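This briefing accompanies the sequence and structure shown below. Its points are grouped by topic for reference alongside the coordinates.

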Amino acid sequence: CDPAATDLSNHLPEWDSEVCILGAESPAELLERVRRLGRRLDSSEDAAAGTMRLADLAYTLNQDLMSSGDGAACRLAVVGSSTADLREKLDRAAKKLGAPGGCRQIRDVSGIYFTAEPLAREGKLAFLFPGEGSQYPNMLADLCLHFPEVRECFDQIDRVYYDHARGYVPSDYLFPRPESSRDSESPVEGRLWEIVGAVEAVLTANQAELTLMAGLGIQPDIILGHSTGEFSALRAAGILDPDNEEFFELCLKLYKNYEEASLLGVPRAVLLAVGADRERVEAIAREVDGEIYLAMDNCPHQAVLVGGNEVCEQALAIVRRQGLISEKLNFDRAYHTPLFGPYVDHLRQIFEEARILPARIPVYSCTTGMPYPDDPDAIRKLMGDHWLLPVEFRRTIENLHDGGARLFVEVGPRGNLSSFVDDILRGWRFC
C-alpha cells in the first residue's frame with residue numbers, strides 16, 4: 001500500500017488564512033521589508049497567476065524571522081486569506097508605518113498587527129478559559145480536521161456517553177448533520193444551550209484548545225476561568241484530575257445531578273447583558289421593583305443582570321430609556337445569584353466527593369479575584385460559592401495585571417474574553 005495514497009492530509013482543504021510575520025531592528029527597516037515583499041509579490045508570475053501557495057510564503061517568512069532571533073524587535077503580523085489579500089494589507093500597513101511622526105502600534109481587526117517594542121518579555125502569560133455563551137455549532141471543526149489531538153478530545157467525551165441511557169453523544173449536537181441544523185428549534189440545536197449540553201460543549205472545546213497549546217509548547221504562568229470555564233481552569237491547573245478518568249466521572253455526576261434536579265426545577269432566569277459599567281448597571285437594578293442581581297462584571301462596557309422575566313423587562317425599559325446597548329443572552333440559568341441556591345446545594349454534594357489535588361500552576365478565582373486557596377475543603381467551598389456570587393472578571397484581570405500578567409490568551413471558542421480584556425486594560429501599558 002502506497003503511504004501517500006492513504007495520507008489524509010493530501011485531501012484536506014487549505015487553511016482559510018495564514019499568518020505572515022516580518023521582523024526588523026527598527027520601524028524604518030521593517031517598512032523597507034514590507035515594501036520589498038510587496039514588490040516581490042507584484043513581480044511574481046506565480047502570485048499573478050494565483051498559483052503561489054500562501055502557506056509556503058508564510059512558512060518561508062516565519063522561518064526567516066525565527067532565524068533572526070532577538071534581532072527583530074519590531075514585528076508586523078498579517079493574517080491573509082490569499083496572496084492578493086496579503087498584498088492589499090501590506091500596502092495598508094506600509095502607509096501606517098510610514099506616517100509622519102512614526103507608528104507605535106497597529107491593531108487592525110482585518111488582521112494587521114504591529115508593535116514597535118517586543119511584547120511582555122518580562123511579563124507573565126495568562127490562560128483564560130471561557131464559559132457558557134461561547135459555544136456554537138461546529139466549533140473547532142476546522143481544528144479537528146488538521147490536529148488529531150483536538151479531534152481526540154471530542155472523541156473522548158463521546159466515549160463517555162457511548163451507550164448512555166440518554167441516547168446521544170455530544171458530537172450529535174456539536175457537529176450536527178445538515179438536516180438537523182436547519183431548524184433553530186430542533187432538539188439538536190436546543191441541546192447546545194441546555195445546561196448539560198452547554199457545559200459539555202464548552203469544557204470539551206476548552207480542553208481541546210489547551211491540548212493544542214501544550215503541543216505547541218505554550219505554557220501559562222497563571223490560569224483563570226470565567227463562569228463555567230472555572231472547571232477548565234481547575235483541570236488545567238491540576239486541582240481537578242487532569243488525566244481524564246476522574247474528570248469524566250465528574251461530568252457524569254453533573255449530568256445525573258441535572259436530571260434529578262430537573263424533576264424539581266432548575267432555577268431559571270433572564271440574563272440581560274448591558275453595555276455600561278458596573279456602577280451604572282447596579283443603579284438600574286436598584287430602580288427595579290423585584291429581585292434582580294448583578295451576576296457578571298465583565299468589563300467597563302458590559303455587566304450582566306439576572307432576574308425573572310418581569311423584573312428584567314423593567315430593567316430593559318430603563319436601559320432603553322437611557323440609550324444603552326443591551327442583549328438577552330441565550331441561556332436561562334440563574335447563575336451567580338442567590339436564586340441559583342437550590343441547585344448549588346446539589347452541586348456541593350458532588351464537589352465534596354471530588355478529589356482535590358495540589359495546583360501545579362497558580363489559578364485565580366473570578367469569585368474572589370484572588371488565587372484559589374490551597375486547602376482542599378476551602379477549594380470545594382469556593383467551587384460552590386462561585387455559582388452564588390457574581391463573576392468579578394474585570395477586577396480579577398486588573399489583579400492579574402497588577403501581579404505582572406502581560407499576555408492574555410483565550411483558550412476556548414469565540415473570543416469574548418479577549419474583547420473583555422481589551423476593554424479592561426485599555427490605556428494600561430501591556431509591555
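How many residues lie between β3 and β4 in the hairpin that they form? Three residues separate the two strands, and Gly111 in the turn has a positive phi of about 115 degrees. The model is predicted, with a mean pLDDT of 89 for the protein chain.

**Confidence**

- In the protein chain, 91% of the residues reach a pLDDT of 70 or more.
- Residues 1-6 have a pLDDT below 50, and this stretch makes three contacts in the model beyond near neighbours in sequence.

- Strand β3 covers residues 105-108, and strand β4 covers residues 112-115.
- The pairing of β3 with β4 is antiparallel and runs over four bridges; within it, Gln105 is placed opposite Thr115 of β4.
- The covered face of β3 carries Ile106 and Asp108, whereas Gln105 and Arg107 are on the uncovered face.
- In a regular strand, side chains alternate between the two faces of the sheet.

**The four-stranded sheet**

- Four strands form an open sheet in the order β8-β9-β7-β10, and their pairing is antiparallel.
- The edge positions belong to β8 (292-299) and β10 (326-328); each has a single partner strand, so one side of each lacks a neighbour in the sheet.
- From one strand to the next, the twist averages 20 degrees.
- Five bridges connect β7 (residues 270-274) with β9 (residues 302-307) in the antiparallel sense, and Ala273 is located opposite Val304 in β9.
- Helix α19 (residues 416-424) packs on this sheet and touches β8 and β9; the direction of α19 makes about 80 degrees with that of β8.
- Ser419 is part of helix α19 and counts as partly exposed, at 46% relative accessibility.
- Although Ser419 and Asp155 are 264 residues apart along the chain, their C-alpha atoms are separated by 30 Å.

**Parallel pairing around β6**

- Strand β6 (residues 222-225) is covered on both faces: Ile222 and Leu224 are buried on one side, and Ile223 and Gly225 are buried on the other.
- β6 runs parallel to strand β5 (residues 124-129), to which four bridges join it; Phe129 is found opposite Gly225 in β6.
- β6 also pairs in the parallel sense with strand β11 (residues 363-364), over two bridges, with Leu224 opposite Tyr364 in β11.

**Nonpolar cores**

- The largest nonpolar core contains 89 residues, of which Leu128, Phe340, Met383, Phe393, Ile397, Leu400 and Phe408 touch the most other members.
- Helix α11 (residues 195-215) supplies the largest share of this core, with ten residues.
- Another core, of 25 residues, lies apart from it; its members include Leu30, Cys74, Ile106 and Ala116.
- Excluding neighbours within four places in sequence, the contacts of Phe393 include Leu128, Leu224, His226, Asp297 and Asn298; others among them are Cys366, Leu417, Phe420, Val421 and Ile424.

- Helix α12 (residues 229-237) is largely enclosed by the rest of the structure, because nine of its nine residues are buried.
- Gly238 follows α12 and has a positive phi, near 90 degrees.
- Helix α18 (residues 393-402) contains Arg394, which counts as buried at 15% relative accessibility.
- With residues up to four places away in sequence left out, Arg394 touches Asp277, Arg278, Glu279, Asp297, Asn298, Cys299, Pro300 and Ile424.

**Cysteines**

- There are zero disulfides in the structure.
- Cys20 takes part in no disulfide, and the nearest cysteine sulfur, in Cys74, is 19 Å away; Cys20 is buried, with a relative accessible area of 3%.

How values were computed:
Residues are numbered from 1 along each chain as its sequence is written. Side-chain values use heavy atoms; hydrogens and water are left out. A disulfide is a pair of cysteine sulfur atoms within 2.5 Å. Buried means under 20% relative accessible area, exposed over 50%, partly exposed in between (1.4 Å probe, protein chains only). A nonpolar core is a set of buried Ala, Val, Leu, Ile, Met, Phe, Trp, Tyr and Cys residues joined through side-chain atoms within 4.5 Å. Contact means heavy atoms within 4.5 Å. pLDDT is the predictor's confidence in each residue, from 0 to 100. Two strands pair if DSSP finds at least two bridges between them. Axes are lines fitted to C-alpha atoms, for helices over the stretch in contact, and angles run from 0 to 180 degrees between N-to-C directions.
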